[in-house]
Amino acid sequence: MDDNNAGRSRRKFLEDLSLLAGGAAAGTLVPALPAFAQTKSSASGTVRVWGEPGPYGGVAVDGMNEWAAKFAPGLKFQIESLSWDSVYVKLMTDLAARRPANCISVESPIAMQLMAQGLLEPLDDVVAKVGKNRLIDGAKWEYWGAWKGKQYVLPAHHQPHLLIVRQDIVNELGLGDPDKWDWNDLLKAAQTITEKKKDMAGISLALGRNLCTDYHFAALLHSAGGRMFDPSKQFEVVFDSPATVEALEYVKALLPYMPKGAVGNSFLEVVDSIATGKAAMAFYWGRPYGRVWDENKEIFKNLESYNHARHPKTGNRSNWNDFQGWCIPKANNPYIKEVKAALAYYQTSKVWPVRYCHSLVPNVSPVYKDVAADPALQTHPFYETKKRTINTYYVDSLKHSSSTANELLAGVNPLAGIVHGRAILAQTVQKVVIDNMKPADAAKWGAKELESVRKEHFSLVI
Amino acid sequence: MQKPAHWRSADNRIGLAFIAPFVVAALVFMVYPVLESVRMAFYYIDPLNPDAQRFAGLANFETVLRDPLFWSSMGNAAYWTFTSIVLQTVIGVGLALLLHLPLRGISIFRGLLLFPYIVPTVVIALCWQWMLNPEIGIVNQVLRGAGLIDANIYWLATPDMAMLSTIMLNVWKYTPFVTICVLARLQTVPTELYDAARVDGAGVLRRFTDITLPQLAEVLAVVVVFRTIWTFNKFEEIYLLTRGGPGTSTYNLAIYSFEQSIANLRMGAGAATGVIMMAMLFLGSILYIRLFRFQEDA
């Protein structure tokens, strides 16, 4: 697709979207899904909604405001974006100050920590309204946040990081099919690219002391068959394992083929490295596609994503999938009833969930079957050339899903939020790549820190 | 002439009225937080459940003092403070001597000198982050343009360079404070002293070491004590520039305390760190002032 066609297609898409929105506002286009009685509210004020950076939180809030316009005219929902690396601090300080937002969409490990700490309102009544049987195949409600039989988090999207590659570079250097790579092939590809392409790093991972590093390393750890805690044994720490050592050694082996300064990199720098052509591969969510569409069509044309390279022994291709959803702080929150009604309203609309996904394709994947199957979803211009990649993010990645909040999907782990708050995985990686500590010693250090988390917060997991 | 008693009483009341806002502000924003920090240091406090507090005795201090990161943070803090203060003092005195010269238009430079000191730290830190960006930052561009470096320097991504960068920022921002204080003192040194020294044949260096420096001793003692306290406690510059990284290479005790309180959810341990810092600075200040015999000379 040439640039002009892409531009026309994008304009057409935006025109369609406005028509869609206009129709929705008029209530004439698509009827809501499970119908339920809406009660009016006389509440007034501003409902604060926390969301991560990106347009999708704003789209959901637009949907909630549509509910407010009809049923609670005195209310206005307002989005507040929290940058990833400050989300934990902001959450903790605002909760400590007894001034939380009224509705929160945040990284799943943190949501699960809040859930187990008893800070969230159960949402089973909202799930019943949204439709218990709507969830996409391959996902379970607990992935978003269920604890002791109650659902505390309502799905917003799922969001895996995958192996993003510059297909033109891979093809030019004859590196084979990335979908068939194992760890050795990926390492070899990173090395070849670094050696043969001037001013281009083979692969870009975050290695700074931040959430992104935690998420990148966790995928390698889980692919190697390792984990932090064992939920079947009262969350015993199992981090000090050969799998952890292997994952750390692999990061160390990849380091020479990463951008200089990778040891300080976080989310933004990894996206930058792909968007500016400084790196040929990266572990990342779908966000770079929107960025390169706007900034560099040539890179967009050549960008593809695959499930991660297989671990040579386990065969695992684990990603780090953020099963991100909406949760409602239960204390100091005067708008619980209204937030529940607004969430149910936007989630049972056929328009708003599609618009939500469309706001940043393919970063936020649909979570309900009817939304995933909705022909309107495929009207986005990226489908013209990136259907396989989008499908990998949306569907194929699910069978390789893992997360620190639900390691290898073997059990919800409320300790993960605290682990991320302390950046324990990232610090473990940094012990190796900055301090030159032996991977085995770094694994021991990390295990000790995790044990400290478990000991201090054991009450959360019993 | 002595004022009548009722006048003195009225003066006192007016004086008290003027000083009251400061006393109230100091009680609310300084005394109360300090006392609350001391109290918190003896309790287990989870910030997410602030109402469920338990008495911890000395356990928080034990936690902190057993933590290797506390000691490495203290080492970093000492290095960062010492290096920053030495550079600020040397450069500050040098600049003050230059600005003391009776040159035309010197007052413009004296005014410009305050610029780094008055710009908010968050603005400076963000500017420095961009300036030090290895790929697009102006610092590397200038150094490469001048032929001083071949490859980009990763100012904030390697432990040594990150520490150097934070020190550079601190020195750049706070040297004007030293300069202004020293300049003010220089302007009160009697010129007769220099005239007499010249008559006696003293050269520039001799006049500096035997007249200027002794005259500056008192103000330097005060400046160094204050700058040491403020620099040792510094949080925002390091946090905004490096967040204590890479790794924990630019952690100081203020960042350690913050991380304990917020990231680790150990408010008590964070408060205990603050109490330890306060005790260290209190003792250090007394020792320093005694060494300089500040009170006697004053």
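I began with helix H11 of chain A, whose buried residues pack against strand E7 (162-166), helix H9 (211-223), strand E10 (281-284), helix H12 (287-295) and helix H13 (297-302) of the chain. I note at the outset that this is a predicted model. H11(A) covers residues 267-275, and seven of its nine residues are buried, which leaves the helix mostly covered. I listed those buried residues as A:Phe267, A:Glu269, A:Val270, A:Val271, A:Ser273, A:Ile274 and A:Ala275. Just after the helix I found A:Gly277, which takes a positive phi of about 75 degrees.

I then followed E7 and E10 of chain A into their sheet, which is open, has three strands in the order E10-E7-E11 and is paired antiparallel. E10(A) and strand E11 (303-306) of chain A are at the edges, and each has a single partner strand, so one side of each lacks a neighbour in the sheet. From one strand to the next the twist averages 30 degrees.

**A covered strand, E12(A)**

Next I turned to strand E12 of chain A, residues 321-327, where seven of the seven residues are buried. Which residues point which way from E12(A)? I found A:Asn321, A:Phe323, A:Gly325 and A:Cys327 on one side, with A:Asp322, A:Gln324 and A:Trp326 pointing the other way, and all are buried.

**Two helix pairs**

In chain A I looked up H2 (residues 55-71) and H14 (residues 336-348), whose axes come within 8 Å and cross at roughly 115 degrees. That angle makes H2(A) roughly perpendicular to H14(A), and the crossing is right-handed. From H2(A), A:Ala60, A:Gly63, A:Met64, A:Trp67, A:Ala68 and A:Phe71 meet A:Ala341, A:Ala342, A:Tyr345 and A:Tyr346 of H14(A).

In chain B I took helix H12 (residues 253-263) and helix H13 (residues 267-291), whose axes come within 6 Å and cross at roughly 160 degrees. H12(B) is therefore roughly antiparallel to H13(B), and H12(B) passes H13(B) in a left-handed crossing. The residues of H12(B) that meet H13(B) include B:Leu253, B:Tyr256 and B:Phe258, and those they meet in H13(B) include B:Met267, B:Ala269 and B:Met277. The contact has six nonpolar, six polar and no charged residues.

**Between the chains**

How many residues of chain B are in contact with chain A? I noted 16 residues of chain B, which are in contact with 20 residues of chain A. On the side of chain B that touches chain A, 12 are nonpolar, three polar and one charged.

A:Ala423 has a positive phi of about 55 degrees although it is not a glycine; A:Ala423 lies in the loop between helix H18 (416-421) and helix H19 (424-433) of chain A, and counts as buried because 25 C-beta neighbours lie inside 10 Å. B:Arg243, also not a glycine, has a positive phi of about 55 degrees, and its place is in the loop between H11 and H12 of chain B. Two peptide bonds went into the notebook as well: the bond joining A:Val361 and A:Pro362 is cis, with omega about -5 degrees, and the bond from B:Gly245 to B:Pro246 is cis, with omega near 0 degrees.

Lastly I looked at A:Ile462, in the segment after helix H20 (439-456) of chain A. Is A:Ile462 buried or exposed? A:Ile462 counts as exposed, because it has 6 C-beta neighbours inside 10 Å. The C-alpha atoms of A:Ile462 and A:Gln234 are separated by 7.3 Å, although the two residues are 228 residues apart along the chain.

Definitions and conventions: Residues numbered from 1 in each chain as written. Chains lettered and ligands numbered in written order. Predicted model: local features only at pLDDT ≥ 70, side-chain atom pairs only at ≥ 80, totals over all residues. Buried ≥ 20, exposed ≤ 12 C-beta atoms within 10 Å, placed from the backbone. Helix = DSSP H or I, 4+ residues; strand = E, 2+ residues; numbered from the N terminus. Contact = placed C-beta atoms within 7 Å. Pairing = 2+ DSSP bridges. Axes fitted to C-alpha atoms, helices over the stretch in contact; angles between N-to-C directions. Parallel < 35°, antiparallel > 145°, perpendicular 65-115°, else oblique. Left-handed = near helix turned anticlockwise from the far one by under 90°. Nonpolar A, V, L, I, M, F, W, Y, C, P; charged D, E, K, R; others polar.
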